[in-house]
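These are my notebook entries from a browse through a structure I had not opened before. I went place by place and wrote down what I looked up.

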Amino acid sequence: MPTPSVNTLSIRRLTLRDLTACADLSEDRGWPREEHKWGFLLASGKAYGIDDPDGGLVSACVLTEYGPRERPDLGAVGMVLVAERHARRGIGRHLMRHVVATAGTTPLTLYATPDGRPLYEELGFKVTGRAEMLRGRFTPGGSAPTVATRPATAEDLTRIVRLDEEVFGVDRTHLITRLPAFADRLRVAEESGRLIGYAAAWPNMDTHVVGPLIARDTETAKALIVALAQQSDRPLRTDIDVRHEALLAWAKERGLASVAFNSVMTYGITDLPGDWTRRFAPLTVAAG
(Lines give C-alpha, C1' and ligand atoms only; values in the text may rest on other atoms or scores of the structure.)
Protein backbone atom coordinates (compact mmCIF):
# COMPACT_ATOMS: atom_id res chain seq x y z
CA MET A 1 0.00 0.00 0.00
CA PRO A 2 1.45 3.42 -0.92
CA THR A 3 2.29 5.78 1.91
CA PRO A 4 -0.62 8.19 2.48
CA SER A 5 -0.09 11.94 2.26
CA VAL A 6 1.93 13.11 5.25
CA ASN A 7 -0.74 15.66 6.12
CA THR A 8 -3.33 12.90 6.60
CA LEU A 9 -1.23 10.78 8.96
CA SER A 10 -2.69 10.60 12.46
CA ILE A 11 -0.26 10.63 15.40
CA ARG A 12 -1.24 8.89 18.64
CA ARG A 13 0.25 8.20 22.04
CA LEU A 14 1.92 4.82 22.34
CA THR A 15 1.74 2.63 25.44
CA LEU A 16 3.37 -0.54 26.73
CA ARG A 17 0.91 -2.46 24.56
CA ASP A 18 2.88 -1.15 21.58
CA LEU A 19 6.22 -2.54 22.79
CA THR A 20 6.39 -5.36 20.22
CA ALA A 21 5.49 -2.97 17.38
CA CYS A 22 8.22 -0.56 18.53
CA ALA A 23 10.78 -3.38 18.67
CA ASP A 24 9.66 -4.53 15.19
CA LEU A 25 10.20 -0.98 13.92
CA SER A 26 13.71 -0.91 15.37
CA GLU A 27 14.50 -4.22 13.69
CA ASP A 28 13.05 -2.97 10.40
CA ARG A 29 15.62 -0.14 10.36
CA GLY A 30 18.52 -2.44 11.17
CA TRP A 31 18.67 -1.51 14.84
CA PRO A 32 18.62 -4.09 17.64
CA ARG A 33 15.11 -4.83 18.93
CA GLU A 34 16.02 -3.43 22.39
CA GLU A 35 12.77 -4.56 23.99
CA HIS A 36 14.12 -3.98 27.51
CA LYS A 37 14.96 -0.36 26.71
CA TRP A 38 11.71 0.22 24.83
CA GLY A 39 9.75 -1.00 27.85
CA PHE A 40 11.63 1.39 30.11
CA LEU A 41 11.07 4.37 27.79
CA LEU A 42 7.40 3.62 27.16
CA ALA A 43 6.79 3.42 30.91
CA SER A 44 8.71 6.54 31.89
CA GLY A 45 8.19 8.85 28.90
CA LYS A 46 5.61 9.94 26.36
CA ALA A 47 5.83 7.94 23.16
CA TYR A 48 4.20 8.94 19.89
CA GLY A 49 3.60 6.88 16.79
CA ILE A 50 1.85 6.57 13.45
CA ASP A 51 0.02 3.35 12.66
CA ASP A 52 0.59 1.51 9.40
CA PRO A 53 -2.68 0.43 7.72
CA ASP A 54 -0.94 -2.85 6.89
CA GLY A 55 -0.07 -3.44 10.53
CA GLY A 56 2.66 -2.25 12.85
CA LEU A 57 4.02 1.27 12.97
CA VAL A 58 5.04 3.70 10.25
CA SER A 59 7.01 5.80 12.74
CA ALA A 60 7.68 6.28 16.44
CA CYS A 61 9.61 8.42 18.90
CA VAL A 62 9.79 9.04 22.65
CA LEU A 63 9.76 12.29 24.64
CA THR A 64 11.03 11.96 28.22
CA GLU A 65 10.23 15.02 30.32
CA TYR A 66 11.98 16.15 33.50
CA GLY A 67 10.96 18.50 36.27
CA PRO A 68 7.42 19.44 37.34
CA ARG A 69 4.77 17.45 35.50
CA GLU A 70 2.66 20.52 34.76
CA ARG A 71 5.58 22.54 33.38
CA PRO A 72 8.67 20.39 32.64
CA ASP A 73 12.13 21.96 32.76
CA LEU A 74 13.55 19.80 29.97
CA GLY A 75 12.48 17.15 27.48
CA ALA A 76 14.71 14.51 25.86
CA VAL A 77 13.75 13.19 22.42
CA GLY A 78 14.87 9.74 21.35
CA MET A 79 14.15 6.59 19.33
CA VAL A 80 13.03 8.59 16.29
CA LEU A 81 12.33 5.89 13.70
CA VAL A 82 10.55 5.59 10.36
CA ALA A 83 9.92 2.22 8.74
CA GLU A 84 12.16 1.58 5.74
CA ARG A 85 9.20 1.12 3.40
CA HIS A 86 7.97 4.63 4.31
CA ALA A 87 11.34 6.39 4.48
CA ARG A 88 12.30 9.63 2.71
CA ARG A 89 8.74 10.93 2.51
CA GLY A 90 8.84 13.53 5.28
CA ILE A 91 7.23 11.33 7.93
CA GLY A 92 10.06 11.78 10.43
CA ARG A 93 9.81 15.55 9.98
CA HIS A 94 6.02 15.37 10.46
CA LEU A 95 6.37 13.41 13.71
CA MET A 96 9.17 15.63 15.06
CA ARG A 97 7.16 18.78 14.36
CA HIS A 98 4.34 17.26 16.38
CA VAL A 99 6.68 16.52 19.28
CA VAL A 100 8.15 20.04 19.23
CA ALA A 101 4.67 21.54 19.13
CA THR A 102 3.48 19.27 21.95
CA ALA A 103 6.46 20.27 24.11
CA GLY A 104 5.45 23.93 23.77
CA THR A 105 7.88 26.12 25.72
CA THR A 106 9.75 23.16 27.25
CA PRO A 107 13.40 23.14 26.08
CA LEU A 108 14.42 19.95 24.27
CA THR A 109 17.58 17.94 23.82
CA LEU A 110 18.57 14.89 21.78
CA TYR A 111 21.53 12.86 20.57
CA ALA A 112 21.69 12.98 16.78
CA THR A 113 23.40 10.56 14.43
CA PRO A 114 25.17 12.11 11.42
CA ASP A 115 22.22 11.01 9.24
CA GLY A 116 19.60 12.53 11.53
CA ARG A 117 21.37 15.79 12.29
CA PRO A 118 20.25 17.71 9.13
CA LEU A 119 16.57 17.13 9.96
CA TYR A 120 16.99 18.38 13.51
CA GLU A 121 18.92 21.42 12.34
CA GLU A 122 16.10 22.19 9.91
CA LEU A 123 13.68 22.11 12.86
CA GLY A 124 15.81 24.57 14.85
CA PHE A 125 17.98 22.31 17.02
CA LYS A 126 21.57 23.48 17.60
CA VAL A 127 24.67 21.37 18.24
CA THR A 128 25.97 21.98 21.76
CA GLY A 129 28.27 19.00 22.26
CA ARG A 130 29.36 15.52 21.19
CA ALA A 131 29.46 12.06 22.69
CA GLU A 132 31.60 9.13 21.64
CA MET A 133 30.08 5.65 21.72
CA LEU A 134 32.46 2.95 22.96
CA ARG A 135 31.97 -0.80 22.91
CA GLY A 136 34.07 -3.83 23.76
CA ARG A 137 35.17 -6.30 26.41
CA PHE A 138 36.71 -4.51 29.36
CA THR A 139 40.24 -5.70 30.11
CA PRO A 140 41.43 -5.28 33.71
CA GLY A 141 44.84 -3.73 34.16
CA GLY A 142 46.78 -0.71 35.29
CA SER A 143 46.72 0.62 38.83
CA ALA A 144 43.86 -0.34 41.11
CA PRO A 145 41.09 2.23 41.59
CA THR A 146 41.79 4.68 44.41
CA VAL A 147 38.10 5.31 45.09
CA ALA A 148 35.98 2.76 46.92
CA THR A 149 32.60 1.76 45.51
CA ARG A 150 29.86 -0.58 46.70
CA PRO A 151 26.49 -1.90 45.53
CA ALA A 152 23.69 0.61 46.04
CA THR A 153 21.02 -0.20 48.61
CA ALA A 154 17.43 0.95 48.97
CA GLU A 155 18.62 3.50 51.54
CA ASP A 156 20.86 5.11 48.90
CA LEU A 157 18.08 5.89 46.45
CA THR A 158 17.10 9.26 47.93
CA ARG A 159 20.75 10.39 47.90
CA ILE A 160 21.19 9.15 44.33
CA VAL A 161 18.16 11.15 43.20
CA ARG A 162 19.48 14.25 44.99
CA LEU A 163 22.97 13.93 43.45
CA ASP A 164 21.51 13.26 40.02
CA GLU A 165 19.41 16.43 40.14
CA GLU A 166 22.41 18.46 41.28
CA VAL A 167 24.58 17.22 38.41
CA PHE A 168 21.98 16.78 35.64
CA GLY A 169 20.38 20.11 36.45
CA VAL A 170 16.74 19.00 36.53
CA ASP A 171 14.68 16.55 38.57
CA ARG A 172 14.68 13.03 37.09
CA THR A 173 13.10 11.25 40.05
CA HIS A 174 10.60 9.30 37.95
CA LEU A 175 13.44 7.92 35.83
CA ILE A 176 16.15 7.34 38.43
CA THR A 177 13.81 5.52 40.83
CA ARG A 178 13.21 2.96 38.09
CA LEU A 179 16.93 2.10 37.89
CA PRO A 180 16.95 -0.66 40.55
CA ALA A 181 14.42 -2.64 38.49
CA PHE A 182 15.83 -1.67 35.08
CA ALA A 183 19.56 -2.17 35.68
CA ASP A 184 21.42 -5.36 36.54
CA ARG A 185 23.94 -3.42 38.63
CA LEU A 186 23.77 -0.11 40.48
CA ARG A 187 26.81 1.13 42.39
CA VAL A 188 27.74 4.17 44.42
CA ALA A 189 31.01 5.85 45.39
CA GLU A 190 31.36 7.51 48.78
CA GLU A 191 33.87 9.64 50.62
CA SER A 192 33.51 10.31 54.35
CA GLY A 193 29.89 9.23 54.17
CA ARG A 194 29.12 11.61 51.29
CA LEU A 195 27.92 10.32 47.92
CA ILE A 196 30.38 11.39 45.21
CA GLY A 197 29.18 9.28 42.29
CA TYR A 198 26.91 6.54 41.05
CA ALA A 199 26.58 4.38 37.95
CA ALA A 200 24.39 1.64 36.54
CA ALA A 201 24.88 -1.18 34.06
CA TRP A 202 21.73 -2.32 32.28
CA PRO A 203 21.24 -5.16 29.80
CA ASN A 204 20.77 -4.31 26.14
CA MET A 205 20.79 -7.31 23.82
CA ASP A 206 24.25 -8.89 24.21
CA THR A 207 25.87 -5.93 26.03
CA HIS A 208 25.73 -4.12 29.33
CA VAL A 209 25.27 -0.38 28.86
CA VAL A 210 27.05 1.75 31.45
CA GLY A 211 24.85 4.73 32.23
CA PRO A 212 24.07 6.95 33.93
CA LEU A 213 27.66 7.62 34.96
CA ILE A 214 27.90 10.55 37.35
CA ALA A 215 31.08 11.09 39.31
CA ARG A 216 33.03 13.75 41.17
CA ASP A 217 36.06 13.28 38.89
CA THR A 218 37.71 10.93 36.41
CA GLU A 219 39.16 8.63 39.07
CA THR A 220 35.72 8.12 40.59
CA ALA A 221 34.28 7.40 37.14
CA LYS A 222 37.02 4.83 36.51
CA ALA A 223 36.35 3.09 39.82
CA LEU A 224 32.64 2.79 39.06
CA ILE A 225 33.29 1.36 35.57
CA VAL A 226 35.83 -1.15 36.90
CA ALA A 227 33.39 -2.36 39.54
CA LEU A 228 30.55 -2.72 37.03
CA ALA A 229 32.82 -4.51 34.53
CA GLN A 230 33.95 -7.01 37.16
CA GLN A 231 30.34 -8.09 37.63
CA SER A 232 29.53 -8.48 33.93
CA ASP A 233 30.26 -11.28 31.49
CA ARG A 234 29.12 -9.18 28.51
CA PRO A 235 30.82 -6.54 26.39
CA LEU A 236 30.31 -3.03 27.75
CA ARG A 237 28.86 -0.08 25.86
CA THR A 238 28.73 3.54 26.91
CA ASP A 239 28.45 7.05 25.44
CA ILE A 240 31.00 9.43 26.95
CA ASP A 241 31.02 13.20 26.60
CA VAL A 242 34.05 13.94 24.41
CA ARG A 243 35.22 16.63 26.84
CA HIS A 244 36.16 13.83 29.23
CA GLU A 245 39.32 13.06 27.27
CA ALA A 246 41.13 11.30 30.11
CA LEU A 247 38.31 8.82 30.70
CA LEU A 248 37.97 8.14 26.97
CA ALA A 249 41.70 7.43 26.63
CA TRP A 250 41.65 5.12 29.68
CA ALA A 251 38.56 3.23 28.46
CA LYS A 252 40.22 2.60 25.09
CA GLU A 253 43.34 1.30 26.85
CA ARG A 254 41.06 -1.11 28.71
CA GLY A 255 39.61 -2.61 25.52
CA LEU A 256 36.65 -0.41 24.58
CA ALA A 257 36.75 0.75 20.96
CA SER A 258 35.17 3.80 19.36
CA VAL A 259 31.99 2.89 17.48
CA ALA A 260 30.42 6.22 16.55
CA PHE A 261 30.02 9.88 17.41
CA ASN A 262 26.67 11.53 18.10
CA SER A 263 25.92 15.24 18.26
CA VAL A 264 24.25 16.54 21.41
CA MET A 265 21.63 19.06 20.28
CA THR A 266 19.30 21.44 22.07
CA TYR A 267 16.17 23.39 21.19
CA GLY A 268 15.03 26.44 23.14
CA ILE A 269 18.21 26.64 25.26
CA THR A 270 21.82 27.38 24.35
CA ASP A 271 23.28 24.63 26.54
CA LEU A 272 22.21 21.84 28.85
CA PRO A 273 21.68 22.62 32.54
CA GLY A 274 23.72 21.06 35.32
CA ASP A 275 27.42 20.32 35.74
CA TRP A 276 28.94 18.62 32.70
CA THR A 277 32.25 18.06 34.54
CA ARG A 278 30.53 15.40 36.68
CA ARG A 279 28.20 14.08 33.98
CA PHE A 280 30.22 11.45 32.12
CA ALA A 281 27.60 9.32 30.35
CA PRO A 282 23.80 9.40 29.91
CA LEU A 283 21.43 6.75 31.16
CA THR A 284 20.69 6.19 27.47
CA VAL A 285 21.05 8.54 24.53
CA ALA A 286 17.30 8.22 24.05
CA ALA A 287 16.56 9.85 27.41
CA GLY A 288 19.68 11.83 28.28
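**Entry 1: aspartate 18**

Where is aspartate 18 found? I found aspartate 18 in the loop between strand E1 (11-14) and helix H1 (19-28). For my labels, helices (H or I, at least four residues) and strands (E, at least two) are DSSP runs, numbered from the N terminus.

Ground rules before I go on. This is a predicted model, where local features need pLDDT of at least 70 and side-chain atom pairs count only at pLDDT 80 or more, while totals for chains, interfaces and linings use all residues. Residues are numbered from 1 along each chain as its sequence is written, and side-chain values use heavy atoms, with hydrogens and water left out.

Is aspartate 18 buried or exposed? Aspartate 18 is buried, because its relative accessible area is 11%; buried means under 20%, exposed over 50%, and partly exposed in between (1.4 Å probe, protein chains only).

I also looked up its partners. The side chains of aspartate 18 and arginine 12 are joined by a polar contact of 2.8 Å. A polar contact is a pair of N or O atoms within 3.5 Å; within protein, one must be able to donate a hydrogen and the other to accept it, and residues adjacent in sequence count only if both atoms are side-chain atoms. Leaving aside neighbours within four places in sequence, aspartate 18 is in contact (heavy atoms within 4.5 Å) with Arg12 and Leu42.

Which residues of H1 are buried? I noted Leu19, Ala21, Cys22, Ala23, Leu25 and Ser26. Their cover includes E1, helix H2 (35-44), strand E3 (57-66) and E4.

Just after H1, glycine 30 takes a positive phi of about 85°. Glutamate 34, in the loop between H1 and H2, has a positive phi too, near 50°, and is a residue other than glycine. I flagged that one because most residues other than glycine have a negative phi. Glutamate 34 counts as buried because its relative accessible area is 6%.

**Entry 2: isoleucine 11**

Back to E1, where isoleucine 11 lies. Isoleucine 11 is buried, at 19% relative accessible area. Leaving aside neighbours within four places in sequence, I found isoleucine 11 in contact with Tyr48, Gly49, Ile50, His94, Leu95 and His98.

Why do I call E3 largely enclosed by the rest of the structure? Because 10 of the 10 residues of E3 are buried.

Strand E2 (residues 46-51) runs antiparallel to E3, with six bridges joining them; two strands pair if DSSP finds at least two bridges between them. Isoleucine 50 has serine 59 in E3 as its bridge partner. E2 and E3 form a hairpin with five residues between them, and glycine 55 in the turn has a positive phi of about 110°.

E3 also pairs with E4, in the antiparallel sense over seven bridges. Here alanine 60 stands opposite leucine 81 in E4.

**Entry 3: the largest pocket**

Next, the open spaces. On a 1 Å grid over the protein atoms alone, a cavity is a set of points where a 1.4 Å probe fits but cannot get out, and a pocket is an open set with protein on both sides within 12 Å along at least five of seven lines; lining residues have an atom within 4 Å of a point. Grid points are joined across faces, edges and corners, and a volume is the space filled by probe spheres set on the points.

The largest pocket has a volume of about 1200 Å³. It is lined by 39 residues, of which Trp31, Val80, Leu81, Thr113 and Tyr120 lie nearest its centre. Which strand gives the most to the lining of the largest pocket? E4 does, with six residues.

Strand E10 (207-215) and strand E13 (279-281) each supply at least two of the lining residues.

Proline 212 lies in strand E10, and the peptide bond from glycine 211 to proline 212 is cis, with omega near 0°.
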